[in-house]
Amino acid sequence: MKAVILDAATLGDDIDLEPIRREVDSLEVHATTLLEQRQSRLAGAEVALVNKVVLDAELLAALPDLRLICVLATGTNNIDMAAAERQGITVRNVSAYGTASVAQHTLMLMLALANRLPRYQRDVAAGEWQRSPFFCLLGHSTLQLAGKRLVIVGSGELGQAVARLAEAFGVEAIFTARPGNEAEDARPSLAELAGSADIISLHCPLTEATRHLIDAPMLARCKPETLLINCARGGVIDEHAALEALRAGRLGGLAVDVLPFEPPRDGHPLLDALDEPLNLIVTPHNAWISPEARANVVKLTVDNLKRWKTKV
């Protein structure tokens, strides 16, 4: 059985791929793969392992030997699932591999926004502390988490982990109804909860129901002190509307680990705004990257390979 990894660099060079190698007859490892290199590299392979490389219908049609696609992530939007099904190609992804890592990152963003870390770091770098007439700076009002309300969109394993960590700080965590299914969900909708939220944290997939879930009208429902955190997918918030609200003082803080297009080679307004004195944090989609989480991707992929082999 020939297997090919097209973008091993997305796991990092410190992750051992030997457990995958032991499950196949041969394993070709490519750090990255350009679109024009996909077909030649996958020729003759029965198993393709990819993270973000696009496997579209045209490519799959040109790979008659391909029988299994292992996605080294949760999202399968880079795979033409309908085409794979037509060709009898099994697609397996991994999930819940980075729960602890992403939850920790979310809390880091929450704490940093609550304590206005971006603004105070800027002030210190600019010499404001050195020029202070007394021992501290207190120009930016911070948010004590104890007694505050955290509204979480997405009540899966990750959302639940974030709630548990936040509750250790005395936060009240409450989950919204599933977007798009509010009529069948007994929980209140985000629209109902937005006005009482001190913090909103997003941990839901990007679907038609969640695209721009946080838009200008939803932001208008929020208190001006509300902190907004997106560790879900770019596009769940309208970043332009959120940035406008932040600049206008209608949003207390904004932190994102994701953007609609990654890497953002053509730039993005949030990246440009990092030069402004705002309570704004942008991290490079690295909430998931702890060594433990990346090693777990390999372990879960090995599990997928073993289960598939028992059925063929």
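Is Trp 288 buried or exposed in this model? At 15% relative accessibility, Trp 288 counts as buried, where buried means under 20% relative accessible area, exposed over 50% and partly exposed in between, with a 1.4 Å probe and protein chains only.

## Basis of the model

The model is predicted, so local features need pLDDT of at least 70 and side-chain atom pairs count only at pLDDT 80 or more, while totals for chains, interfaces and linings use all residues. Residues are numbered from 1 along each chain as its sequence is written, and side-chain values use heavy atoms, with hydrogens and water left out.

## Aromatic pairs

Two aromatic pairs are counted, the rule being that ring centres of Phe, Tyr and Trp (its six-membered ring) lie within 6.5 Å, with planes under 30 degrees apart called stacked, over 60 edge-to-face and the rest tilted. Tyr 97 and Trp 288 pair edge-to-face, at 6.2 Å centre to centre and 90 degrees between the planes. Tyr 97 is also buried, at 16% relative accessibility.

Phe 134 and Phe 135 form an edge-to-face pair as well, with 6.5 Å between centres and 65 degrees between planes; here Phe 134 is partly exposed at 43%, whereas Phe 135 is exposed at 70%.
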